[in-house]
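Open the structure in your viewer and keep the selection tool at hand. The stops below can be taken in order.

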Amino acid sequence: MPIRPLFDANASAGGKNLGDLPEWDLSDLYAAPDAPELKRDLDWLEQACASFAADYEGKLGDLDAAGFLDAVHRHEKIENIAGRIMSFAGLRYYQLTTDAARTKFLSDTQEKITTYTTPLVFFTLELNRLDDSVLDGHFAANDDLARYKPAFDRIRAMKPYQLSDELERFLHDLGVVGDAWERLFDETIAGLEFDVDGEALTIEGTLNLLTDTDRSKRQAAAEELARVFGQNIRTFARVHNTATKEKEIMDRWRGMPTAQTGRHLSNDVEPEVVEALRDAVVAAYPKLSHRYYNLKRKWLGLDVMQVWDRNAPLPLEDPKTVTWDDARATVMNAYAEFDPRMAEIAEPFFDRGWIDAAVKPGKAPGAFAHPTVTDVHPYVMLNYLGKPRDVMTLAHELGHGVHQVLAAGQGEMLSSTPLTLAETASVFGEMLTFRRMLDNAATDAERKVLLAGKVEDMINTVVRQIAFYDFECKLHAARRGGELTPDDINALWMSVQAESLGDAFEFMPGYETFWAYIPHFVHSPFYVYAYAFGDGLVNALYAAYQEQPEGFQEKYFDMLKAGGSKHHKALLAPFGLDASDPKFWDKGLSMISGFIDELEAMEG
């Protein structure tokens with residue numbers, strides 16, 4: 001049973017004297033790796049999985065509706081305990097990925113849970129062999145069971161791609177091997193050492209320098225990233241070759257028509273909706289990224305931009321450091337202004353050890369919110385370095401946290417939101433924070449900096465992630481033709497970079513290796529379009545909020561509370577929105593181009 005998905009945002013920041021940064025208190029899960037409660041739960045899990053299989057294997061078709069509901073409740077309890085154990089092991093590991101004892105504990109725990117839960121593999125397989133009329137009869141007979149229909153629908157969407165029971169068990173057991181490749185990637189990334197102007201840095205600290213005010217420092221960081229990635233490129237190419245080949249084998253055996261099919265199924269989204277999003281964004285490259293980066297090139301006084309200028313601060317930007325207390329106040333005020341309940345839900349994250357904020361050697365890079373299980377609470381990881389953009393990352397991850405708290409009432413089987421909708425509350429939280437900062441801007445210059453920063457974030461979320469998606473599509477297609485050399489992968493990367501960034505850029509030697517550090521390609525193939533989906537969806541939602549604020553909060557909270565219990569069509573219907581309408585995506589993209597219009601108008 002894998003760790004629940006980590007809802008990621010890439011933190012990029014810098015600064016000192018940030019105040020008292022919180023650390024995780026994982027004791028709400030377990031007090032320690034040798035805690036008696038942890039051993040008790042592992043023992044319970046082993047016995048519970050065995051007795052579940054003994055009671056139900058080969059008998060699902062004989063159950064009445066009440067018996068079926070009992071089976072669902074027992075399965076949820078197993079999911080809960082396994083999820084609690086894996087959350088504890090995983091979160092400890094992310095705090096210090098270079099610690100051998102934590103790595104071993106995670107690995108051993110993963111193996112135990114895989115072994116214990118193997119007898120459960122029959123459940124979804126047997127469920128998918130039941131006739132539709134049997135389940136429909138159960139749902140009609142029992143309202144409590146009918147509540148779970150959306151979860152069963154998602155399981156049964158896999159029906160055409162299901163293998164024999166024996167093969168499914170084999171693949172379940174083999175999962176730990178794929179996990180080992182992911183850990184090799186994580187540990188390689190966390191262990192990389194960079195030397196910029198004589199200072200030894202981790203990858204997080206080096207990436208952070210790409211937003212430095214000093215251009216020569218940005219250049220030195222970019223060149224050092226290229227040097228170190230180049231030294232390790234064979235390892236990264238091996239990981240990507242193996243992960244994509246493993247996926248190709250799985251997909252071929254399952255008869256999946258495309259490499260993306262599995263992700264679309266798990267996201268509960270139709271392939272044509274994703275293609276409409278992708279096509280709308282690619283068509284908008286000229287009026288979004290190409291247009292914005294030519295504006296930025298002028299602001300920076302450059303004939304041509306280099307890749308280390310992409311996230312450069314603007315010349316008129318005040319390179320101030322935002323303390324942790326100020327970041328907290330900014331986000332909490334924005335949340336409270338929208339609805340006091342939102343701030344109430346967010347408050348304990350700061351006060352009870354639910355956030356781990358500081359940058360530390362060996363800590364996993366980036367940022368995420370991890371939902372754990374429905375009877376505990378989420379945990380948020382940041383690498384907070386005090387830049388205004390870090391305030392947005394806090395707003396983003398806290399949005400995930402609020403969403404996860406609200407959805408927990410659905411229970412283990414229905415609380416988890418498909419990735420496409422999982423970004424809704426996070427991006428909405430960012431938008432609320434941004435709008436508050438924009439309304440409070442004291443000068444035109446401050447407004448310009450805020451607008452430009454938001455446009456950059458949106459380009460990173462929409463344009464960059466769709467370019468990532470195109471890269472992955474090309475990578476998986478190319479791997480089907482055989483082993484890929486590092487140069488092959490580099491060429492695929494460059495083919496999407498020039499198209500998405502436009503003619504304002506020149507690409508330095510070594511930039512072709514920058515695919516190597518993106519974790520989603522390894523951990524969650526095709527995850528990345530969920531960011532663009534979420535951003536477009538929230539832009540459309542926010543426009544609906546501006547047009548009709550009356551009653552919006554109630555509808556918004558209902559949507560978050562629904563978790564994974566409704567399809568995107570049903571969730572968006574109360575707002576008069578429909579993601580399957582091709583024009584839907586143009587609404588979201590027009591908000592970004594509207595901000596760029598305003599920036600161009602400021603140029604006179």
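Predicted model: local features only at pLDDT ≥ 70, side-chain atom pairs only at ≥ 80, totals over all residues.

Residues are numbered from 1 along each chain as its sequence is written, and side-chain values use heavy atoms, with hydrogens and water left out.

**First stop.** Select residues 65-95, helix H2, and residues 100-117, helix H3. Helices here are DSSP runs (H or I, at least four residues), numbered from the N terminus. The two axes come within 9 Å and cross at roughly 160°; axes are lines fitted to C-alpha atoms over the stretch in contact, with angles from 0 to 180 degrees between N-to-C directions. H2 and H3 are therefore roughly antiparallel (over 145 degrees).

Now show side chains. Among the H2 residues that meet H3 are Ile85, Phe88 and Tyr93, and the H3 side includes Phe105, Leu106 and Ile113. Contact means heavy atoms within 4.5 Å. By class, this contact has nine nonpolar, five polar and two charged residues.

**Second stop.** Select H13 (residues 271-284) and H14 (residues 286-299), whose axes come within 5 Å and cross at roughly 35°. Here Val282, Ala283 and Ala284 of H13 meet Pro286, Lys287 and Leu288 of H14.

**Third stop.** Select Ser415, in helix H18 (residues 412-415). Is Ser415 buried or exposed? Its relative accessibility is 10%, so Ser415 counts as buried (under 20% relative accessible area, 1.4 Å probe, protein chains only). Beyond its neighbours within four places in sequence, Ser415 contacts Thr374, Ala407, Ala408, Gln410, Gly563 and Gly564.

Notes. Helix = DSSP H or I, 4+ residues; strand = E, 2+ residues; numbered from the N terminus. Parallel < 35°, antiparallel > 145°, perpendicular 65-115°, else oblique. Nonpolar A, V, L, I, M, F, W, Y, C, P; charged D, E, K, R; others polar. Buried < 20%, exposed > 50% of the residue type's maximum accessible area, 1.4 Å probe, protein only.
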